[in-house]
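Please read the following points with the structure open beside you.

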Amino acid sequence: MRTLMILEVLGNSDQALTATEINASLGLPKQTIHRLCATLEENGFIARQGHSKRYRVARRLRELGAGLLHNSRDHIARRQILMEVARQVGETVNYVIPEDSGMRYLDRVETDWAFRIQLPVGSNVPFHCTASGKCFLASLKPAARRAFVEALVLQKMTAATHVTPNRLMTELDEISQQGYSLDNEEFIDGMVAIAVPVTDEFDRFVASLAFHGPTQRISLKEAVARKAILQKAAIKLREALFS
């Protein structure tokens, strides 16, 4: 973390800085700041200006910055696609990825409706009772799917939550065939959702593209009627991010 802070100070400066000047806003021990600067210089992230004691950004740090800017292009493309889906479906749209503790909301575009269900970016939701989670589970090969489900704690979130492996497996088999998954008030009472898989160039699951809304405004049948919007957007995401 201290190394990153040094790079941040240099990256935000319009001139070369001495180790003491870099440390003015960090407050690290004198020996530490000099040691870290020497290590960064040795590895090509910073360089001395001529024969002075002042450091400037070097090749490896510039390349790192360029790479981060390149990656932000993918974020912008993904965001634009999500915004268009949200405009068409009129509900909150989510880009959700699998992690050890569940499905994590990596990106989302909120609905303009005043009444909405709050699940901010960074939220983790269960695998077994969400449209995005079941979409991921259904992407697994049958044997892996069975092993994964049997390892899950099928916590009852609502009266509609699947709490037995066989019942969940039956639905996952259906999802695998039909290409989309549903949440019929299984995670939160009064909320329905639909999700489709986003895959890479090798047809491997990358994320779920989903939207959800309150049952007072949208029914499960109405959500399914809009699945083609999600499916077309999933193709656009694949082309934008992995082509």
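1. The bridge partner of Val93 in strand S4 is Val109, while in strand S8 the bridge partner of Val93 is Phe211. The model is a predicted one, in which local features need pLDDT of at least 70 and side-chain atom pairs count only at pLDDT 80 or more, whereas totals for chains, interfaces and linings use all residues. Residues are numbered from 1 along each chain as its sequence is written, and side-chain values use heavy atoms, with hydrogens and water left out.

2. Strand S3 (residues 92-99) pairs with S8 in the antiparallel sense over five bridges, and S3 pairs with S4 (residues 102-109), also antiparallel, over seven bridges; two strands are said to pair if DSSP finds at least two bridges between them. S3 and S4 form a hairpin with two residues between them. Strands here are DSSP runs (E, at least two residues), as helices are (H or I, at least four), and both are numbered from the N terminus.

3. How many of the eight residues of S3 are buried? Six of them are, and the strand is mostly covered; buried means under 20% relative accessible area, exposed over 50%, and partly exposed in between, with a 1.4 Å probe and protein chains only. Val96, which lies in S3, counts as buried because its relative accessibility is 0%. Leaving aside residues up to four places away in sequence, Val96 touches Met103, Arg104, Tyr105, Leu106, Ser132, Ala207 and Ser208, where contact means heavy atoms within 4.5 Å.

4. His212 belongs to S8 (residues 205-214) and stands opposite Thr92. His212 counts as buried because its relative accessibility is 4%. The side chains of His212 and Asn94 are joined by a polar contact of 3.1 Å, that is, a pair of N or O atoms within 3.5 Å; within protein, one must be able to donate a hydrogen and the other to accept it, and residues adjacent in sequence count only if both atoms are side-chain atoms.

5. Turning to the helices, Pro142, Arg145, Arg146 and Val149 in H6 meet residues of H7, among them Pro165, Leu168 and Asp173. The C-alpha atoms of Leu168 and Val96 are separated by 20 Å, although the two residues lie 72 residues apart along the chain.
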